[in-house]
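Me: I am new to this one and would like to walk through it step by step. Could you show it to me, and then I will ask away?

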Amino acid sequence: MIHMDEERSMDGYDTDLRLRLVRLEASLPAQAQPETGSSTLGRRLGSVGLGVALAVVLAGAVAAAAGVAVISGAITGHPGLWDPGQPLACSGLWRMSPPRAATWLAQHGYTVTWQVEARDGSHRGTSTQTQEPPAAGYVKGGIVEGTAATIVVETGPGAEPAMVANACP
Amino acid sequence: METALATSGAIAFEDAVLPYYPGLVQRLTLIVGDPEEARDLAQSTYLRAQKGWSRFRGGDVRAWLYTIGIRLALNEVRRRRRLRNALRPSAPEPSALMTSDPDLWQAVQALERRHRIALVLHVLEGYSYAEIGELLKVSPGTVASWVFRTKAKLRAELGGFR
């Protein structure tokens, strides 16, 4: 029997599973933006894979409910690491170079483990952890528990840091 | 004026959504197990979000975007069932993808997709069973059972975490 009031409790096992899943997800291949850039909707649709385009057509009305479900506010979930109220909100760390991020994190009292996802330009790469910030790449994610932070950095071709404006006042 | 507003809206959409796009692709890869399919789904998610942006009433853009993507991933499963995998090759073996944690990757990919989604939403996003149930169109009790059994299965296969 599972008690519903236990659902939000996070024991050590859940915390460890979460951390491991975060690391796993951060090591998966990413894509900076949609493949066709900021073109029109019609042109973008032209580049969508046949399978997914058909899925959109076949599933039309059902899929449309996705937006509705969230727009209605029914689905909330936890905010992301950088969102307002979260430990790294307004930090500007996202897409920052690791050395700059290390400075910011040290100034704010965090002990950091760096998870370095090194890409070779394809889907493959290596994932290592280090206590020293890598010289290149950019911050792409992380997890914070108290003052312990695991910060995920992507390095490799095209993994250039960027200045990203945040929505904080 | 209309053109200026439309341009402004487009910029606001991209500013709000694009920062979450890399993470969306990774989340969808975790859920569907196939980077190519994940990129297709992310692209469709982006299009759908763009289309619905004018109706977005503010709040958590990331959660909104991710939920659209997960909906599309679920629909893709249903489509595949209908078309019996006729239009696309099957996903590659999970081991074909380099990850930081091959054991966990294999174990997660071996889960039924709905169970995987429930696990990810609960453990990574902190969604309640009721919220997940609403998304997956099952009862909260069913979600609770899935999550409980999935975590027990992972613990049995992988041992303790860390």
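Me: Glad to have it in view! In chain A, what share of the contacts with a separation of 6 or more comes from residues 24 or more positions apart?
Reply: Happy to start there, and please keep in mind that this is a predicted model. Contacts in chain A with a separation of 6 or more are the ones counted here, and the part from residues 24 or more positions apart is 54%.

Me: In which order do the elements of chain A run from the N terminus on?
Reply: Chain A has 4 helices and 4 strands. It has 169 residues, of which 44% count as buried. Read from the N terminus, the order of its elements is α-α-α-α-β-β-β-β.

Me: Which residue of chain A lies over the face of Y138(A)?
Reply: A charge counts as sitting over a ring when it is within 6 Å of the ring centre and within 35 degrees of the ring normal. Here the distance from the ring centre is 4.2 Å, and the residue over the face of Y138(A) is R95(A).

Me: And in chain B, over the ring of which residue does the charged end of R62(B) sit?
Reply: The charged end of R62(B) is 4.5 Å from the centre of the ring in question. That ring belongs to Y66(B).

Me: Are the rings of W53(B) and F56(B) stacked or edge-to-face?
Reply: The structure holds 7 aromatic pairs over all chains. For W53(B) and F56(B), the ring centres are 5.4 Å apart and the planes are at 20°. Planes under 30 degrees apart count as stacked, so this pair is stacked.

Me: How many residues apart in sequence are the parts that W53(B) and W64(B) tie together?
Reply: The rings of W53(B) and W64(B) have centres 5.8 Å apart and planes at 50°, so they form a tilted pair. W53(B) is in the loop between α3 and α4 of chain B, while W64(B) is in helix α4 of chain B, so the pair ties together parts whose separation in sequence is 11 residues.

Me: At what angle do the axes of α2 and α5 of chain B cross?
Reply: Helix α2 covers residues 21-32 and helix α5 covers residues 102-109, and their axes come within 8 Å. T29(B), L30(B), I31(B) and V32(B) make the contact from α2(B), with W105(B), V108(B) and Q109(B) from α5(B). The contact residues divide into 5 nonpolar, 2 polar and no charged. The axes cross at roughly 65°.

Me: Does E14(B) count as buried or partly exposed?
Reply: E14(B) is in helix α1 of chain B. Buried means under 20% relative accessible area. E14(B) has a relative accessibility of 21%, so it counts as partly exposed.

Me: Which residue follows α7(B)?
Reply: In α7 of chain B, 6 of the 8 residues are buried, so this helix is largely enclosed by the rest of the structure. Among the buried ones are Y129(B), I132(B) and L136(B). After α7(B) comes a residue with a positive phi, near 60°, and that residue is K137(B).

Me: One last thing: what is the mean pLDDT of chain B?
Reply: In chain B, 78% of the residues reach a pLDDT of 70 or more, and the mean is 80.

Methods: Residues numbered from 1 in each chain as written. Chains lettered and ligands numbered in written order. Predicted model: local features only at pLDDT ≥ 70, side-chain atom pairs only at ≥ 80, totals over all residues. Heavy atoms only, no water. Axes fitted to C-alpha atoms, helices over the stretch in contact; angles between N-to-C directions. Helix = DSSP H or I, 4+ residues; strand = E, 2+ residues; numbered from the N terminus. Contact = heavy atoms within 4.5 Å. Nonpolar A, V, L, I, M, F, W, Y, C, P; charged D, E, K, R; others polar. Phe/Tyr/Trp six-rings, centres within 6.5 Å; stacked < 30°, edge-to-face > 60°. pLDDT = per-residue confidence, 0-100. Buried < 20%, exposed > 50% of the residue type's maximum accessible area, 1.4 Å probe, protein only.
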